[in-house]
Amino acid sequence: MKMSAALEKAFNTQITLEFEASLVYRQLAITMDEMDLPGMAAWLRHQADEEIVHANKFIDHVSDRDNKAVIGSIPAPKVMVTSVLDAFEAAYAHEQRVSEAIRELFRAAEKEGDLDARPLLNWFLEEQIEEEATVSEIVGRVKLINDDGPGLLRLDDELAQRPARSTEA
């Protein structure tokens, strides 16, 4: 079932936001690389790749329903951080923004009675709970470490263990 023009526009806005999230994570990864924390940088790069996977899921949904998927304008990331805590708090804030956007998209689909969007949006609602919890846990651990060099290096090593995934997953 083809979605309405208004819902198509809302989905395209979400597609753009997912690509924006990828760029935010890439910028944060650059900062962690510059701070000589390659494990955290790798974790953030993997997160950036996951955001592309999310965008692709939305693109596929829009296209599969005979609508037109369009990527909108994406501003350069405005995340300037000076510490590990700043970086992960910025990541957490962005995840919260994405979560709220998905909830709004869900509400828009519900308002239109678009049942076909439910499976995808339910998956994303669950995914965002996981995303926020993961980043929130990292923020909490960074706060516990409190600029302790060995603690940061241990967390860096731990975050480096995250396996890479293809953006086509």
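Leaving aside neighbours within four places in sequence, Arg65 is in contact with Met1, Lys2, Met3, Asp114, Asp116 and Ala117, where contact means heavy atoms within 4.5 Å. The model examined here is a predicted one, in which local features need pLDDT of at least 70 and side-chain atom pairs count only at pLDDT 80 or more, while totals for chains, interfaces and linings use all residues. Residues are numbered from 1 along each chain as its sequence is written, and side-chain values use heavy atoms, with hydrogens and water left out.

Arg65 makes a welcoming place to start. Its place is in the loop between α2 (38–64) and α3; helices (H or I, at least four residues) and strands (E, at least two) are DSSP runs, numbered from the N terminus. Arg65 is buried, its relative accessible area being 6%; buried means under 20% relative accessible area, exposed over 50%, and partly exposed in between (1.4 Å probe, protein chains only). The side chain of Arg65 also makes a polar contact with the side chain of His61, at 3.2 Å. A polar contact is a pair of N or O atoms within 3.5 Å; within protein, one must be able to donate a hydrogen and the other to accept it, and residues adjacent in sequence count only if both atoms are side-chain atoms.

When residues up to four places away in sequence are not counted, Glu95 touches Tyr25, Gln47, Glu51, Gln128, Glu131, Glu132 and Val135.

Attention now turns to the nonpolar interior. In soluble globular proteins, nonpolar side chains tend to be buried together. A nonpolar core is a set of buried Ala, Val, Leu, Ile, Met, Phe, Trp, Tyr and Cys residues joined through side-chain atoms within 4.5 Å. The largest such core in this model has 26 residues, and those with the most contacts inside it are Leu28, Met32, Met40, Trp43, Leu44, Val84 and Phe88. Two or more residues come to this core from each of α1 (5–34), α2, α3, α4 (118–145) and α5 (149–159). A second, separate core of 18 residues includes Leu105, Ala109, Leu120 and Phe124.

Beyond its neighbours within four places in sequence, Leu28 is in contact with Leu44, Val79, Val81, Ala87, Ala90 and Ala91. Val139, in helix α4, is buried at a relative accessible area of 8%. With neighbours within four places again set aside, Val139 is in contact with Leu85, Phe88, Glu89 and Tyr92. Val139 and Ala90 are 49 residues apart along the chain, and their C-alpha atoms are separated by 9.8 Å. Ala42, in helix α2, counts as buried at 14% relative accessibility. Ala42 and Leu105 lie 63 residues apart in sequence and 30 Å apart in space, C-alpha to C-alpha.

Asn146 counts as exposed at 59% relative accessibility, and Asp147 is exposed with a relative accessible area of 66%.
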